[in-house]
Each structure stands twice: as C-alpha cells, then as structure tokens.
Amino acid sequence: MIIYTHNDCLKKFNGHAHPEKKERLESIINSIKSSNLKVKFKEAPLADLETISLVHPKQHIEQIFSNIPQEGIIGVEKEPYADTMLCPNSKNAILRSCGAGIAAATDLMEKNERIFCAVRPPGHHAETIRANGFCFINNVAVTARYLQKKYKIKKVAIIDFDVHHGNGTQEIFFKDQSVAYGSSHEFPLFPGTGAEDETGVGNIFNATLKAGTTSKEFISIFDQKVLKAIDKFKPEIILISAGFDAHKRDPLANISLESDDFFKITKNIVDIANTHSKGRVISFLEGGYDLQALSESIIEHLNALKPHI
Ligand SMILES: [Zn+2]
C-alpha cells in the first residue's frame, strides 16, 4: 500500500484559530509511522495545469493563484464563509494535493496498488469555478477525469463519507452518467446541498443524516442509500473521499461514529471494489478536525483498505 504525501502540504497556514491546520496531517502521518502497517511513503508531485483543466478552467486556477499574498493570509470567499484561505505557501500545497491523486492513478493502473493520499488542502467542496469550504481544486474529481482520459475507464464511483456534503464533486458530475457519486452527510449542515432529491441524471446518491446519528444508524443508512446504489452501478474503479469528521469527537459536526466504525465503512466499500472493480481503490483525505480521532480513525481506515492476500 502506498501513502502519497508531501512536506509542502504542511506549509499551508490558514490562521491560528482555523480547524484545517497542519497538525491534522502530522497526526495522521505520525500515527501511520508508529503503527505496524506496511506502507510505502511516496512524495506527491505537483499537478500540471493541463490535467487540472480536465475539471477546472485554467483561467479559474490562475485567478486563485494570482490572489496568493506575499505575506499573511487572505480569504477567497465573501462573508459568511470567509474561511477558505490563501497564504504565501498555498500554491505548492494545492498542486501537490491534486498531484497525489494523479500519481496514484498511475500506480493503481500500472502496478495495481492500493493508495491513500494524505494531503491538505482537501478537495470535495471545490466546484468547477468556485473555491470554498477550505478547498480549491477538487482532487478526487481531477483523478476521476484523468483515469477516464488516460486509461479509458468508463465508470468511476466516488464514495464520500466525510460528514459534509461534497457539493463540488456533485456539481462537477451532476450531469455525467459515467461517474456515480454517493455521499453520506449531516443535514442540514455546511455547505447546505445534498438533499436526497438531488439525484443528477440518476448518478447522485445522497444519504442525509440527522444530528446525533449513532454508529448503528450510520452504518445502516450508508449501506441502504449509498453502497447499494454503487454496487448496482458496477464501477470499474472506486475513489473515496475519506473525511473523518463524522467521528463523535469532531468539533465541526454532530454525528457519533467511533474510530473503529471507519474500519467497517471502509471494508464495505472495499468489498464492492473487490466484486466489481478488480479491487481498485484510491482514497483521499478530506476533513476531520479532532487530532485524536484522526490518528485513530486513519489506522482503522488503512487496515480495511490494505490488500488482503
Ligand atoms: Zn468535512
């Protein structure tokens, strides 16, 4: 199993009180290194603008980069969501987070590896021409489009168990039958999208969760409303938007998952990949803002993700 990451991803600074901080990634990497998981760390390359433009127009990306300040931090959005920040070191962090997925696609297709992209900033809120929710480039969406273009993959499924709805991923693939998007998320909650009647062209599967949802309820709803639909779609590859903010310790949401629930959730996804997708899975870090929850949950996630021979 390969872990793509890069020191540049630790250099993005969003402000001292901001929940999307470098310590998130540090606690994940430290936890993996002190576990007995057999993984190979690889450095995430910088994504190229050409590949990014499979999802986001070049002009939009250049505009984001042109706003990067010489010093301090600036927000790219208007109030009340002025929390998607740029700092002087943002460009490489953003490009490496996306580049991890592109490199992972090659390892997946040419070496049949399982891969986790331990990166920040996250990506699932990034829409075609709108950065928001701490996200600039939709890492998972660019990887899906790249797999389709380079390797002629016809059907890609994106499964998103982050506690927030991936409004960006949904918007990008809303009219695209070749990509299925299944998401479980607390509702109502940021970003406000993801109602169950948002179904795209029959390729979008939203499962809404009430505040206070327990582990047992989550697993059941996820199975009924997301996994069953993805199983029916028979994807050739599964990409995971892995956010760990549905954990009971998370400060940004109100769902009550335990760390070991991320083993069960991941295992159920991997079972579908083993049935329909030749076991092909790439997972991407999205949210998760409690450091202890992250360091525990990542091990559960990777233990379920690792290939069992
Ligand atoms: Zn989230």
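Donors here are N, O and S atoms within 2.8 Å of the metal (3.2 Å for Na, K and Ca), and since water is not among the atoms, sites may look incomplete. With that in hand, the donor residues of the zinc ion are spaced D-x1-H-x80-D along the sequence. Helices (H or I, at least four residues) and strands (E, at least two) are DSSP runs, numbered from the N terminus.

This is a predicted model, in which local features need pLDDT of at least 70 and side-chain atom pairs count only at pLDDT 80 or more, while totals for chains, interfaces and linings use all residues. Residues are numbered from 1 along each chain as its sequence is written, and side-chain values use heavy atoms, with hydrogens and water left out.

Back at the zinc ion, its protein donors are Asp162 (OD), Asp162 (OD), His164 (ND1) and Asp245 (OD), at 2.0 to 2.7 Å. The four donor atoms subtend angles of 53 to 155°, so the arrangement is irregular. For comparison, four donors count as tetrahedral if all angles lie between 85 and 135 degrees; four count as square planar and six as octahedral if opposite donors are over 155 degrees apart and all others between 65 and 115; anything else is irregular. His164 counts as buried because its relative accessibility is 7%, and Asp245 does so at 0%. Buried means under 20% relative accessible area, exposed over 50%, partly exposed in between (1.4 Å probe, protein chains only).

Then there is the sheet. Eight strands form an open sheet with parallel pairing, in the order S2-S1-S5-S10-S9-S6-S7-S8. Strand S2 (40–43) and strand S8 (204–209) are at the edges with a single partner strand each, so one side of each has no neighbour in the sheet. Two strands pair if DSSP finds at least two bridges between them. Strand S5 (residues 115–117) and strand S10 (residues 281–285) pair in the parallel sense over three bridges, and Phe116 has Ser283 in S10 as its bridge partner.

Helix H4 (residues 90–111) has 22 residues, of which 16 are buried, so H4 is largely enclosed by the rest of the structure. Just after H4, Asn112 takes a positive phi of about 55°.

Note on methods
The expected span of a helix is 1.5 Å times one less than its number of residues.
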